[in-house]
Amino acid sequence: MKALTWQGKRDVRVEEVPDPRIQEPTDAVIRVTSTAICGSDLHLYEPLGPFLSKGDVLGHETMGIVEEVGDEVTHIRAGERVVVPFNISCGHCWMCERGLMSQCETTQVRSQGKGAALFGYTELYGSVPGGQAEYLRVPQAHFGPIPVPEGVPDERFLYLSDILPTAWQGVEYAEVPEGGSLAVFGLGPVGLLAVAIGVRRGLRVIGVDNVPERMARAEGYGATVVTSDDDPVAAIHELTEGRGVDGTLDAVGMEAHGSPVAEAAIKGVGFVPDVLAKPLMERAGIDRLAALRSSIGAVRRGGTVSVSGVYGGMTDPLPMMEIFDKQLSLRFGQCNVKRWVDDIVPVVMEDGDPLGLETLATHRLPLEDAPAAYEMFQKKEDGCIKVVLKP
């Protein structure tokens, strides 16, 4: 089959790789009909290269048609449409039973000290082949895949694989009271969906970014927008009578753009031999913390900071005095996709597409155009907000 493979820093290629097959009775194989490029895939494109091997298949936002299932998979069958959560979880361990599917004890990558295995996301998370390909082997398919009804476009359900439940969890974790206020830092796909979710819940939502097309979309959803180029914390305090918002959501994470020191550090890791780069990435603080610091500064006293963006540094300094003095709550973590599915699906199926799922993607391209799409997405060229690939 054809699949997008990692070959080196800023070097991804579509190549022929072996077809996946059933290996365990809990496996399934799907024919991919839609697969998206996630903002966190851009971390693989550059800073997380030391944890990848040439030929690794990327991608963790995938849906398609079931081709084959193992003997222990009974809730889906060949010919059905499914969307596949990015984290691989069993559904029956101690963590899964408590709604912490991203910490699944069956698939935890203990050798790396990490949580549940992920599709297409480095040796840190199990080196499981990803879904930017024509076919995908799905481990733990007795629990993971979510059936998709007939008669709805792929993109109404595709984002259930990651970014929609990630945004949903981010808003939930912000613990904003009914009718309260939420500031979303970073208006990429997750941030925009968080804005849409917050507005739908009747919250006052403030979006923070500096990319005009993203800011315009957030305004279209009903948010007030402020630019991150000036002083977003001051702007948010001015909009909230000096108090700050009830909750903030950092949807940025370790992206280094706009922070010269962090950007240089992250890029520098790419030129260090892997044997040295890995411990640097795991133990050195090289994240851009502007969005997180702003999230802490913009929230009111006694409020909650929710973090959906992926961070990788280990020694980054945090404003601990401010966190303590303001009596803040912080909620971090990978999304527990299956925890939120029953809440989200009724909204996805509402008439009128209230979250704008069918119009979120700015680019729909064949799989063979994926290398150029990665470059375009990273550079934010051509108004790119979200790319969906069609194998």
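Strands here are DSSP runs of E with at least two residues, helices are DSSP runs of H or I with at least four, and both are numbered from the N terminus. The model is a predicted one, so to speak: local features need pLDDT of at least 70, side-chain atom pairs count only at pLDDT 80 or more, and totals for chains, interfaces and linings use all residues. Residues are numbered from 1 along each chain as its sequence is written, and side-chain values use heavy atoms, leaving out hydrogens and water.

**View A. Gln 140 sits in the loop between strand 6 (135–138) and strand 7 (146–147).** Its phi is positive, about 55°, although Gln 140 is not a glycine. With a relative accessible area of 14%, Gln 140 is buried (under 20%; exposed is over 50% and partly exposed in between, with a 1.4 Å probe and protein chains only).

**View B. Arg 10 belongs to the loop between strand 1 (2–8) and strand 2 (11–16).** Here's another non-glycine with positive phi, near 55°. Arg 10 is partly exposed, at 43% relative accessible area.

**View C. Helix 12 (residues 337–348) has buried residues including Trp 340, Val 341 and Ile 344.** Down the helix axis, the buried residues fall within an arc of 135°, so they line one face; the arc is taken from the directions from the axis to the C-beta atoms. Their cover includes strand 7, helix 3 (154–157), helix 4 (163–174) and helix 5 (189–200).

**View D. The structure holds 0 disulfides (pairs of cysteine sulfur atoms within 2.5 Å).** The sulfur of Cys 90 is 3.7 Å from its closest cysteine sulfur, in Cys 104, too far for a bond. For Cys 93, the nearest is that of Cys 96, 3.6 Å away.

Notes:
Contact = heavy atoms within 4.5 Å.
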